[in-house]
Amino acid sequence: MPADFRVYVRQGCHLCEDLLVQLQQLQLEHAFKFSVVDVDSDPLLTERYGLLVPVVMQNDTQVCHYFLDQVALLQALDNTNMSSTKN
């Protein structure tokens, strides 16, 4: 089962657009999924992530924000793969 990430973004954010493109490029080489959530769709999300967008989360763990940290993302993928092989 591929890893699953949530990406918190907002409309008109060039950093968000850049990060989403980078994630799509990484998907060509690595098996993972991601969903996109607009922080402005929910006041609680706006409060929590509004100043940090884009934010990449895996479950309740923040992988990175502002810019894609490819090393951290690949580490999260490795951790997910190791956990799934143990089960």
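## Aromatic rings

Let's start with the rings: Phe 5, Phe 32 and Phe 34 are joined into a cluster by ring pairs. Keep in mind that this is a predicted model. The count of aromatic pairs comes to three. Take Phe 5 and Phe 32: their ring centres sit 5.7 Å apart with the planes at 85°, so this pair is edge-to-face. Phe 5 belongs to strand 1 (residues 3-9) and Phe 32 to strand 2 (residues 32-38), so the pair ties together parts that are 27 residues apart in sequence. Phe 5 is buried, at a relative accessible area of 1%, and Phe 32 is buried too, at 6%.

Then there is a tyrosine pair. The ring centres of Tyr 8 and Tyr 49 are 4.3 Å apart and their planes meet at 15°; planes under 30 degrees apart count as stacked, so that is what this pair is. Tyr 8 is in strand 1, while Tyr 49 is in helix 2 (residues 43-49), so here the parts tied together are 41 residues apart in sequence. Both tyrosines count as buried, with Tyr 8 at 7% relative accessibility and Tyr 49 at 8%.

## The nonpolar core

Nonpolar side chains tend to be buried together in soluble globular proteins. In this model, the largest nonpolar core has 26 residues. Phe 5, Val 7, Leu 23, Phe 32, Val 56 and Leu 73 are the ones with the most contacts inside it. At least two residues of this core come from each of strand 1, helix 1 (14-26), strand 2, helix 2, strand 3 (55-58), strand 4 (61-65) and helix 3 (70-86).

Leu 73 is a handy place to look around. If you skip its neighbours within four places in sequence, Leu 73 is in contact with Phe 5, Leu 23, Leu 26, Phe 32, Val 56, Val 63 and Leu 68. Among those partners are Phe 5 and Phe 32, the two rings of the edge-to-face pair above.

## Thr 80 in helix 3

Thr 80 is in helix 3, and its relative accessible area is 19%; since buried means under 20%, Thr 80 is buried.

What does the side chain of Thr 80 reach at 2.9 Å? That would be the backbone oxygen of Ala 76. The side chain of Thr 80 also has a polar contact of 2.6 Å with the side chain of Gln 58. Leaving out neighbours within four places in sequence, the contacts of Thr 80 are Ala 3 and Gln 58.

## Asp 40 and the salt bridge

How many salt bridges does a search of the whole structure find? It finds one. The partners are Asp 40 and Arg 10, whose closest N and O atoms are 2.8 Å apart. This pair links distant parts of the chain, 30 residues apart: Asp 40 is in the loop between strand 2 and helix 2, and Arg 10 is in the loop between strand 1 and helix 1. Both are partly exposed, with Asp 40 at a relative accessible area of 44% and Arg 10 at 24%.

A bit more on the surroundings of Asp 40: not counting residues up to four places away in sequence, Asp 40 touches Arg 10 and Thr 46. Gln 11 is 29 residues from Asp 40 in sequence, yet the C-alpha to C-alpha distance between Asp 40 and Gln 11 is 8.4 Å.

Methods. Residues are numbered from 1 along each chain as its sequence is written. This is a predicted model: local features need pLDDT of at least 70, side-chain atom pairs count only at pLDDT 80 or more; totals for chains, interfaces and linings use all residues. Side-chain values use heavy atoms; hydrogens and water are left out. Rings of Phe, Tyr and Trp (its six-membered ring) pair if their centres lie within 6.5 Å; planes under 30 degrees apart count as stacked, over 60 as edge-to-face and the rest as tilted. Helices (H or I, at least four residues) and strands (E, at least two) are DSSP runs, numbered from the N terminus. Buried means under 20% relative accessible area, exposed over 50%, partly exposed in between (1.4 Å probe, protein chains only). A nonpolar core is a set of buried Ala, Val, Leu, Ile, Met, Phe, Trp, Tyr and Cys residues joined through side-chain atoms within 4.5 Å. Contact means heavy atoms within 4.5 Å. A polar contact is a pair of N or O atoms within 3.5 Å; within protein, one must be able to donate a hydrogen and the other to accept it, and residues adjacent in sequence count only if both atoms are side-chain atoms. A salt bridge is a side-chain nitrogen of Lys or Arg within 4 Å of a carboxyl oxygen of Asp or Glu.
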